[in-house]
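I opened this notebook to record what I looked up in the structure shown here. The entries follow the order of my reading.

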Amino acid sequence: MKKNSENIASNRKAHFNYEILDTYEAGLMLTGPEVKSLRLGHAQIAESYVSPEKGELFLVNAHIDEYKNGQGGFVEQNASRPRKLLLHQKELSKLVIAVHQKGLTIVPLDLYFNGRGIAKVKIALCRGKNVRDKRETIKEREWKRDQGRIMRAHNR
């Protein structure tokens, strides 16, 4: 058993493009070869999103490479197929209502193995940022960087 969570892939642009309102941890419904490919770190979630369909959530456009080291007994999978997310019913209904009524978006932030070795995805309920908000984010980031430089120069 592993003690710490092992990060496989992260969506770095999500914090820049969206205002994060709430985060959730969801399980993924995967096949055996997909899990083996994840253990090797062959996944990307940068361009993916979560779509509510028929009262369920699906991770769409997440790319998990095909597992190449198999014995040949595995059926080939589509690398970008939609994958069902596993959540508690209360969380699921809350997210679906937020997307349909409030016009919010659900975006995956991280894909990782938890302490028990189970593949999980950290998803966030988000509101899209406009250009002004993105400029503010850039200004804050640059000011913090300059602040660190000033403090280091002052402490010398």
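Which residue in S7 is the bridge partner of Leu 57? I found that Leu 57 has Leu 85 as its bridge partner in S7. Helices (H or I, at least four residues) and strands (E, at least two) are DSSP runs, numbered from the N terminus.

I noted the basis of the entries: this is a predicted model, in which local features need pLDDT of at least 70, side-chain atom pairs count only at pLDDT 80 or more, and totals for chains, interfaces and linings use all residues. Residues are numbered from 1 along each chain as its sequence is written, and side-chain values use heavy atoms, with hydrogens and water left out.

Next I followed the pairing of S7, where strands pair if DSSP finds at least two bridges between them. S5 and S7 are antiparallel, with three bridges; S2 and S7 are also antiparallel, with two bridges. Leu 86 of S7 is the bridge partner of Gly 27.

I then looked at the faces of S7 (residues 83-86): Arg 83 and Leu 85 form the covered face, Lys 84 and Leu 86 the uncovered one.

Conventions:
Buried < 20%, exposed > 50% of the residue type's maximum accessible area, 1.4 Å probe, protein only.
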